Number of protein chains: 2
Amino acid sequence: MRQRISDHMSAMKPSAIREMLKLAAPDVISFTAGNPSADLFPAEELARITADVIMNMPARALQYSVTEGYAPLIEKVKAYLSSKYSIPTDGELIITSGAQQAIELTAKCLINPGDAVITENPSFIGALNAFRSYGARLIGAETDENGMVIEAVEEILKREKNVSFIYTIPTFQNPTGATMTMERRRRLLELAEKYDVIVLEDSPYFELCFSGKVTPPIKTMDTEGRILYAGTFSKTIAPGLRVGYALGPKWLISKMVVAKQVSDVHTNLPAMMAVDRILETYDLEGHIKQCRAAYKAKRDLMAAEMEKRFDPRVKFTRPEGGLFIWGELPEGCPSLGLCAIAQKHKVAVVPGMTFDPAESELNRGFRLNFSVPTEEQIVNGIRLMGESIDEYLAERV
Amino acid sequence: MRQRISDHMSAMKPSAIREMLKLAAPDVISFTAGNPSADLFPAEELARITADVIMNMPARALQYSVTEGYAPLIEKVKAYLSSKYSIPTDGELIITSGAQQAIELTAKCLINPGDAVITENPSFIGALNAFRSYGARLIGAETDENGMVIEAVEEILKREKNVSFIYTIPTFQNPTGATMTMERRRRLLELAEKYDVIVLEDSPYFELCFSGKVTPPIKTMDTEGRILYAGTFSKTIAPGLRVGYALGPKWLISKMVVAKQVSDVHTNLPAMMAVDRILETYDLEGHIKQCRAAYKAKRDLMAAEMEKRFDPRVKFTRPEGGLFIWGELPEGCPSLGLCAIAQKHKVAVVPGMTFDPAESELNRGFRLNFSVPTEEQIVNGIRLMGESIDEYLAERV
């Protein structure tokens, strides 16, 4: 039988991370997750609220509805973004099945096969793969501890003809944890205006700031509707609900609504109504404060253990929020080799190649998640990682 | 600002039906829905079960999970299809966010721009638009009261070079309500084998058979994994949950998993777990029997009223299940004109052009939904439709 997959999908492979999650043996300490901590989910409230909306509003909660999303939730998310974070909400907002769907709909609506998409190098695999699945050429821009290097972005914009959009996670980036400075945010927006390209600002982690002081999203400076802003409740409420959103100019959001209509008609209604009710009645701010404190304690512990256990030639970030620390091995030491050794030592991290727009096997980075493991797992796992690094460097350097 | 939409999405418009649903004035009797009746949703059970899974299994119900779907549900759906309907489940099964997503993932994985997709004429707008959104050329095959005319399908297969797949809703088709005979099902499968094409069998309504006797899906005859079978719990449990599935050969389902990974990571977990529990503990068979009886009563009433009120030159189907009756105006009377008059008379049906793969404005069909309106609305609405038809035919014939 002819087994012909479409050209744009034929090279696509399952996400290395998700496959790893499936294979991880129970005795392996895993730092591979991209998950928030399940201990922090407001399960009791969600159980109560969800039962209530299904029981008392079945004709709304269980029936088909409009593709844009549950109307009261759209208004509440706009009010939340505007009042708490001064994000301009004069554009349109669509509720999506997680921010992942906001990214995928953007890709579907903007990318022609062969178009360039400029991303951070490294960047979030789920977004990179969404862009690839529409035939984009990914052009990774250099990053440092302050996020995207703006000169690198301009170099790319100068030389590339068909740039579909720029993709960035400016705050507590995945995978590096880096935060783009305000100065760079301003300059990135100026560049986008100068070269007339859209910016997809992916902002899943910005509320998880350990200092409690939120870095304003680029969207707060957007006066002309050039920034498509993707957000989610996956990290502040719970990812299993799959409720995210995109906020942007009407010409683009209205096309994303059409794309979503053929994709899943609309997002799960009990979940949209539960998030709506959470925004109305629950102390989400207090809950987010708890998350910040819990993740800060784990970040502190992991960073302290890394200081103690890692060879000083290994560099790593000290993110002020989010879920990840990024390590980098010395010149000539691709992290794939380290991951193989770590596997033997029963500890798992994600190799940087996964996040590399060019998928280079020579990538020297690796990502560690600190939100999911317990304190004990952090202490033991970082010790095992340190030993793995020693073994690897002894081989290579 | 440059507002460039990708080529494959640029011609896409919002679904006419969904836009109509939004605009419908409250005093209009609407037969436009594609919805099951909200009165029949097992709201109490769903409320209780959903609260239970969230409360007692938060680390499963609220966390990220694998893209394929909640593993116990995958097994239960396979067991359900196999034991109740003798559907071979040796392939792979993916849980999707409604059958709409099963259709969209199929399109993404199989269609190259310019490929032909053979569909029934008329066919489900949500599927047609999903195919269009990947640049497919839709080739509508003639249908009659026994479904797809097989000779018409073979003509197309002979003449078209790049056929991506054949799309059919063989039982209680949307929009016509027609059911393909067993003989034609056999011949369609033979044709697919002869011309080496995949068949996407979309089966949302087959359990809603008024006689209680289910017509076996084409998939029951599939020995070589040529049929991709799409199903849903939207019509038997509730559409707001967005839980459907696709069952097919491993080479295709595994690629659809990759496509879903970048689309929404996975389907809403509390909904998957609730459907799993419904299949385990709830009398779904008894519930479906209730749905059949309720819809049969409405179909009987609507058909009887149509007999009384419609000009005898208007033909219509008497479907043995599903949610829809299809009417057809005499030669030279496009249904768009009728819909405009009906609007004045405060009654709404969906014009056939919506379901026409070629979107011909000359299409003479129109779709009536009988599951949502009350008995009173059916009686009054059909009278208004009859008057609208009289007015229109007096103008045209």
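Reader: Why are H12(B) and H14(B) called roughly parallel?

Author: Happy to start there, with the reminder that this is a predicted model. Helix H12 (residues 284-309) of chain B and helix H14 (residues 375-396) of chain B pack at an angle of about 25°. Angles under 35 degrees count as roughly parallel, so that is the label for H12(B) and H14(B). Their axes lie 9 Å apart, and the crossing of the two helices is right-handed.

Reader: Which residues make the contact between H12(B) and H14(B)?

Author: From H12(B) come Lys298(B), Leu301(B), Met302(B), Glu305(B), Met306(B) and Arg309(B). H14(B) contributes Glu375(B), Ile378(B), Val379(B), Ile382(B), Arg383(B) and Gly386(B).

Reader: Let's turn to the two chains. What makes the copies related as by a two-fold rotation axis?

Author: Chain B can be laid on chain A by a turn of 180° and a shift of 0.0 Å along the axis, with an RMSD of 0.0 Å. The two copies are thus related as by a two-fold rotation axis. If you want to find the axis on your screen, look for Ala51(B): of the residues of chain B, its C-alpha comes closest to the axis, at 2.7 Å.

Reader: How do you know that the copies meet through the same surface?

Author: By comparing the interface residues: 100% of those of chain B are also interface residues in chain A, so the copies meet through the same surface. The contact takes 70 residues from chain B and 70 residues from chain A. Among the elements of chain B that give two or more residues to this side are helix H3 (43-56), helix H6 (99-110), helix H10 (250-264) and helix H11 (269-281). The side of chain B that touches chain A divides into 35 nonpolar, 20 polar and 15 charged residues.

Reader: Is Asp196(B) buried or exposed, and why?

Author: Asp196(B) has 12 C-beta neighbours inside 10 Å. A residue with 12 or fewer counts as exposed, so Asp196(B) is exposed.

Reader: And what makes Val265(B) buried?

Author: The cut-off for buried is 20 or more other C-beta atoms within 10 Å. Val265(B) has 25, so it is buried.

Reader: Why is Val347(A) called buried?

Author: Val347(A) has 25 other C-beta atoms within 10 Å, and 20 or more is what the label asks for. Its place is in strand S12 (residues 347-348) of chain A. Not counting residues up to four places away in sequence, Val347(A) touches Val28(A), Ile29(A), Ala342(A), Gly381(A), Leu384(A), Met385(A) and Ser388(A).

Reader: One last thing: where does Pro175(B) lie, and what is the peptide bond from Asn174(B) to Pro175(B) like?

Author: Pro175(B) lies in the loop between strand S6 (163-168) and helix H9 (182-194) of chain B. The bond from Asn174(B) is cis, with omega near 20°. In chain A, a cis peptide bond joins Asn174(A) and Pro175(A), with omega about 20°.

Key. Residues numbered from 1 in each chain as written. Chains lettered and ligands numbered in written order. Predicted model: local features only at pLDDT ≥ 70, side-chain atom pairs only at ≥ 80, totals over all residues. Axes fitted to C-alpha atoms, helices over the stretch in contact; angles between N-to-C directions. Helix = DSSP H or I, 4+ residues; strand = E, 2+ residues; numbered from the N terminus. Parallel < 35°, antiparallel > 145°, perpendicular 65-115°, else oblique. Left-handed = near helix turned anticlockwise from the far one by under 90°. Contact = placed C-beta atoms within 7 Å. Least-squares fit on C-alpha atoms with pLDDT ≥ 70 in both. Nonpolar A, V, L, I, M, F, W, Y, C, P; charged D, E, K, R; others polar.
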